Amino acid sequence: MDLCKMHISKLDGTNWVTWKYRMSALLRGIDGLLDIVEGRIRKPVRPVVVDNEVDGAAVLADFNKKLNEYIKLEMVEAKPKMMYHMKSIINHEEEIVLPECMYQVKNPFKTYKEDVHEINIGISDQVNKFLKAPNRKMTELAHRQDLLLKKLDVLYERIMTISSYCKPAAEKTVIQAEKNLQISIPEEVVLVASPESIPWYLNFILKNYSMSINVSWHIHSSVPNEKVFKIQDFLKVIKVSNFNETKVNLRLIFKCVAADSELKLSSLSIPIVGNVNILRYLAFAYPSVIRYDHEDYNVDSLLDLCHILERTTEKNKEAILNKLFAQCKQWIYGNQFTIVDIAAYNVIKQWRNTSKHVPKEWLDNCDTMCS
């Protein structure tokens with residue numbers, strides 16, 4: 001406890017009890033202070049000693065002792081008032097020698113014993129001695145450089161060896177990818193769709209694919225009754241195949257859970273989310289049905305617009321449609337019915353009222369292709 005921070009208000013005749021308690025605590029907290037205040041300890045007075053007095057030296061010695069004790073009490077009073085005194089760890093009475101400088105530098109003008117024999121050598125002799133004498137640090141540096149160069153040579157040989165193995169494999173992979181972009185579809189496929197995002201593109205695939213696909217469906221209890229009729233109208237136009245002749249079983253599940261459609265190829269794999277991404281996958285699976293040039297960045301840019309159009313608000317539809325149909329003549333991109341037309345048609349088909357910014361000729365052509 002720091003006694004110097006103790007606040008003691010002045011004695012005004014009404015605070016005697018509080019003032020006495022705090023003042024007593026302050027005086028008792030310092031050794032000998034209460035005795036000085038109460039008069040039990042006083043400053044010693046120098047005695048008068050006669051020169052021929054026998055005990056004069058002893059009297060003076062006793063006086064000096066008492067004076068030193070009194071001075072110590074005064075020093076304690078002058079120091080910060082602490083209730084508890086801790087034992088000093090370092091004895092400060094001993095002399096502490098501090099260094100005069102941080103780093104010791106050898107004096108070049110001072111003569112050392114080991115350098116005495118070099119004083120009488122001439123300048124030319126000193127230069128020759130310096131040049132001929134082996135430099136240990138430079139020798140070590142040159143040795144490390146040689147080791148590093150050898151390691152670099154070994155590393156270069158390993159990199160060349162690895163690259164020689166990788167190039168044929170990479171070329172072979174590219175050639176195989178270019179030759180065979182078609183991917184296989186598992187026998188059991190599940191498509192989870194929302195009533196607000198019916199997969200109208202399925203009818204186009206089922207209509208133009210040479211092999212039969214068995215389609216079954218289930219309407220979840222989360223679908224409202226007013227939207228069930230919309231799903232039933234879609235299922236009426238779906239091409240149904242003979243189960244015994246099919247290799248792929250497609251299961252349609254309609255439920256009001258997620259806004260994006262999901263194509264599940266396996267119970268362990270990550271589903272393909274979004275109608276645009278599902279169409280990309282189906283284009284690789286059925287390249288003869290859906291035309292998709294995956295190396296053309298304009299096609300992917302238009303597909304991204306279709307994805308945005310599927311999620312955007314009524315306020316932003318006009319701007320996106322103008323971008324989407326900016327170069328539309330008969331079809332949106334090019335002279336053929338491509339994946340972009342299927343993706344855009346699938347989004348516009350969900351709307352109750354067709355926007356005036358959608359070309360009527362294009363929409364009629366899509367209805368003919370997908371019906």
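The following legends describe close-up views of a predicted model.

Local features are drawn from positions with pLDDT of at least 70, and side-chain atom pairs count only at pLDDT 80 or more, whereas totals for chains, interfaces and linings use all residues. Residues are numbered from 1 along each chain as its sequence is written, and side-chain values use heavy atoms, with hydrogens and water left out.

**Figure 1. Overview of the chain.** The chain contains 12 helices and 5 strands; helices (H or I, at least four residues) and strands (E, at least two) are DSSP runs, numbered from the N terminus. Of the 371 residues, 27% are buried. Buried denotes a relative accessible area under 20%, exposed one over 50%, and partly exposed the range in between (1.4 Å probe, protein chains only). Of the contacts between residues at least 6 apart in sequence, 67% join residues at least 24 apart, a contact being heavy atoms within 4.5 Å.

**Figure 2. Helix H9 and its surroundings.** Helix H9 comprises the 15 residues 297-311 and spans 22 Å from its first C-alpha to its last, close to the expected 21 Å. The expected span is 1.5 Å times one less than the number of residues. Val299, Leu302, Leu303, Leu305, Cys306 and Leu309 are buried in H9. Viewed down the axis of H9, these buried residues fall within an arc of 155°, so they line one face of the helix; the arc is that of the directions from the helix axis to the C-beta atoms. Tyr297 and Arg311, on the other side of H9, are exposed. The cover over the buried residues includes helices H8 (275-285), H10 (314-324) and H11 (339-348). At the start of H9, a side-chain oxygen of aspartate 296 comes to within 3.0 Å of the backbone nitrogen of asparagine 298.

**Figure 3. Valine 340 in helix H11.** Valine 340 belongs to helix H11 and counts as buried because its relative accessibility is 0%. Apart from residues up to four places away in sequence, valine 340 touches Val299, Leu302, Leu303, Cys306 and Ile332.

**Figure 4. The largest nonpolar core and tryptophan 362.** A nonpolar core is a set of buried Ala, Val, Leu, Ile, Met, Phe, Trp, Tyr and Cys residues joined through side-chain atoms within 4.5 Å. The largest such core has 65 residues, and Ile290 and Trp362 have the most contacts inside it. H11 gives the most to this core, namely 8 residues. Beyond its neighbours within four places in sequence, tryptophan 362 is in contact with Phe325, Cys328, Gln330, Trp331, Ile332, Asp341, Ala344, Tyr345 and Ile348.

**Figure 5. Helix H12 and its cysteines.** In helix H12, Trp362, Leu363, Cys366 and Cys370 are buried. Down the axis of H12, the buried residues fall within an arc of 95°, so they line one face of the helix. Lys360, Glu361 and Thr368 are exposed on the other side of H12. The buried residues of H12 pack against helix H6 (201-208) and H11. The structure holds 0 disulfides, a disulfide being a pair of cysteine sulfur atoms within 2.5 Å. Cysteine 366 is in no disulfide, and the nearest cysteine sulfur, that of cysteine 370, is 6.1 Å away. With 0% relative accessibility, cysteine 366 counts as buried.

**Figure 6. The loop between H11 and H12.** Glutamine 350 lies in the loop between H11 and helix H12 (360-370), and tryptophan 351 is found in that loop as well. Glutamine 350 is buried, with a relative accessible area of 14%. A polar atom of the glutamine 350 side chain lies 2.7 Å from the backbone oxygen of isoleucine 198. Excluding residues up to four places away in sequence, glutamine 350 touches Glu196, Ser197, Ile198, Trp200 and Lys230. Tryptophan 351, at 17% relative accessibility, counts as buried. Its contacts, leaving aside neighbours within four places in sequence, are with Leu309, Lys317 and Leu321. The C-alpha atoms of tryptophan 351 and glutamate 196, 155 residues apart along the chain, are separated by 8.9 Å.

**Figure 7. Asparagine 249 in strand S3.** Asparagine 249 has its place in strand S3 (residues 248-254) and is buried, with a relative accessible area of 14%. The side chains of asparagine 249 and glutamate 188 make a polar contact at 2.8 Å. A polar contact is a pair of N or O atoms within 3.5 Å; within protein, one must be able to donate a hydrogen and the other to accept it, and residues adjacent in sequence count only if both atoms are side-chain atoms.
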